[in-house]
Amino acid sequence: MISCIAPQTQEQFKQYYALRWQELRAPWQQPKGSEQDELEKTAFHRMLVDEQGKVYAVGRLHIDNKWQGHIRYVATDKHQQGKGLGKTIMLALEQLAKAHGVHTITLNARENALCFYQNIGYTTKSIAHKLYNDIQHFSMEKRLTEIPENQCSLIKSLQHIWHNTIPLSKVMGITADFYDGNTFLTHCDIAINKNIHQTMFAGSIYTLATLTGWGWVYLQINAQNVQGDIVLADGKIKYFKPIPDGANGVIERENTSGDALLTEQQGKTSFIVEVGIYTGDTLAAQFKGKYVVVTKR
């Protein structure tokens, strides 16, 4: 069985980059390392593997500060081509982009891959660069389907509350991007939240984490038609990695508690929420907060 995963271990990344080099660089006598660039640490990486860990296909997504998605380094093992693996890895990257609020994907396709991308919905926009003075590329684009209207309205309502009652959230460029009942994703414009080291300011990371947790609680009580004041009662954060580009808050329902049925008679209840702050697939910080909801009578 073949699964789509994000490489995590050093060995997985070794195999991931090896397939990239094998299919995209080695045939043109390019050295190992030429299959990587400066965006690797802040990008999303996906690969298709079997039970033994053999890599069949790879691809990378990078999201810029304008919330545009860029797919690059898509490759399938030459012995496995024609089995739909390229389409599978592209779909996984597109779903990931959609979940992070991306509406448009761009990529540069090799001339011999134009039909493949056109068949999965990409439109050719212009002639791009010629790699190694040999491989003509074309700029292509695809508009992604927006999230369902009910979910869109809910997260837009949350973002409206943030930007109108917590001015700092608007200044920082914090947005609510995705919610499906189990996963909640937020984003912060890092361009205006950098320190002297050109990485995200620790205070901005903490603010993004606490607001993401606050947003989760808002979504839970809203689903039950309960109105109340949400207060952060306690919060602790651990910082693991610097964030040079792209910051996302992520909450999974399995890492929360306190979403039992609320009633007007309870007066108040509490939620425990764990928030991961990621740059690409890398966990940069982890926040755990206790939020108290005081229901309005």
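**Cavity, pocket and sheet in a predicted model**

Modeller: In this predicted model, the lining of the largest cavity consists of Thr42, Phe44, Ile63, His187, Gly246, Asn248 and Gly280.

Colleague: What makes this space a cavity, and how many cavities of 30 Å³ or more does the structure hold?

Modeller: A space is a cavity because a 1.4 Å probe fits there but cannot get out. The structure holds one such space of 30 Å³ or more, and the volume of the largest cavity is about 40 Å³.

Colleague: Why does the lining of the largest cavity count five polar residues?

Modeller: Gly counts as polar, so Gly246 and Gly280 fall in that class. The lining has two nonpolar, five polar and no charged residues.

Colleague: Which element gives the largest share of the lining of the largest pocket?

Modeller: That element is β4, with seven residues. The pocket has a volume of about 1000 Å³ and is lined by 39 residues, with Leu24, Val74, Arg110, Ala113 and Tyr117 nearest its centre.

Colleague: Why are β1 and β6 said to stand at the edges of the sheet?

Modeller: The open sheet has seven strands in the order β1-β2-β3-β4-β5-β7-β6, with mixed pairing. β1 (3-5) and β6 each have a single partner strand, so one side of each lacks a neighbour in the sheet.

Colleague: What makes β3 and β4 a pair?

Modeller: Pairing requires at least two bridges; six join β3 to β4, so these strands pair. They run antiparallel, and Gly69 in β4 is the bridge partner of Ile63, a residue that also lines the largest cavity.

Terms used
Residues numbered from 1 in each chain as written. Predicted model: local features only at pLDDT ≥ 70, side-chain atom pairs only at ≥ 80, totals over all residues. Heavy atoms only, no water. 1 Å grid on protein atoms, 1.4 Å probe; cavity = no way out; pocket = protein on both sides within 12 Å on 5 of 7 lines; lining within 4 Å. Points joined across faces, edges and corners; volume = space filled by probe spheres on them. Helix = DSSP H or I, 4+ residues; strand = E, 2+ residues; numbered from the N terminus.
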